[in-house]
Amino acid sequence: MPTIVHFDVPADDPERAKKFYAELFGWKFEKPFEAMEYYLIETEDLEGKAGPGGGLGKRGAPDQRIMNYIGVPSVEEYLSKVEKLGGKTVMAKTAVPGWGYLAICTDTENNTFGLWQDEKEAK
């Protein structure tokens with residue numbers, strides 16, 4: 001089954017966005033090019049294994065957006081963290097019966113992303 005192998009996060013303020021994602025998910029950032037405001041993102045899955053990689057850089061166009069679902073152990077817990085760190089909930093925790101729960105949020109840069117919690121008992 002296909003999975004996310006790379007994602008890009010456009011940001012008006014890359015330093016602010018890096019802080020948000022590092023605190024929310026524990027993502028690590030590396031700046032591979034000194035002359036370019038772009039950071040590689042290293043992620044881990046819920047078991048500590050390497051997850052999909054991505055990148056974060058200056059927004060190239062006003063309508064540039066991301067949309068990926070991030071796997072978390074608890075959608076409710078992470079919705080609370082999103083709000084605490086300056087993000088917003090766009091769609092509250094919603095059950096996908098027999099599969100899990102999802103929610104849609106925006107970060108401090110007004111990028112839209114989803115939270116996903118596997119839960120076969122979801123109703």
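Predicted model: local features only at pLDDT ≥ 70, side-chain atom pairs only at ≥ 80, totals over all residues.
Residues are numbered from 1 along each chain as its sequence is written. Local features need pLDDT of at least 70, and side-chain atom pairs count only at pLDDT 80 or more, while totals for chains, interfaces and linings use all residues; side-chain values use heavy atoms, with hydrogens and water left out.

Me: What makes a space a pocket, and what makes it a cavity?
Reply: Take a 1 Å grid over the protein atoms alone. A cavity is a set of points where a 1.4 Å probe fits but cannot get out. A pocket is an open set with protein on both sides within 12 Å along at least five of seven lines.

Me: How many residues line the largest pocket?
Reply: Lining means having an atom within 4 Å of a point. By that rule 28 residues line the largest pocket. E44, D45, P52, I70 and G71 lie nearest its centre.

Me: Which residues line the largest cavity?
Reply: F7, V9, Y21, W27, I66, N68, I70 and F113 do. The volume of this cavity is about 50 Å³.

Me: What makes P14, A17, K18, F20, Y21, L24 and F25 of α1 count as buried?
Reply: Buried means under 20% relative accessible area (1.4 Å probe, protein chains only). These residues of α1 are buried. They cover an arc of only 165° around the axis, so they sit on the same side of α1. The arc is that of the directions from the helix axis to the C-beta atoms.

Technical notes
Points joined across faces, edges and corners; volume = space filled by probe spheres on them. Buried < 20%, exposed > 50% of the residue type's maximum accessible area, 1.4 Å probe, protein only. Helix = DSSP H or I, 4+ residues; strand = E, 2+ residues; numbered from the N terminus.
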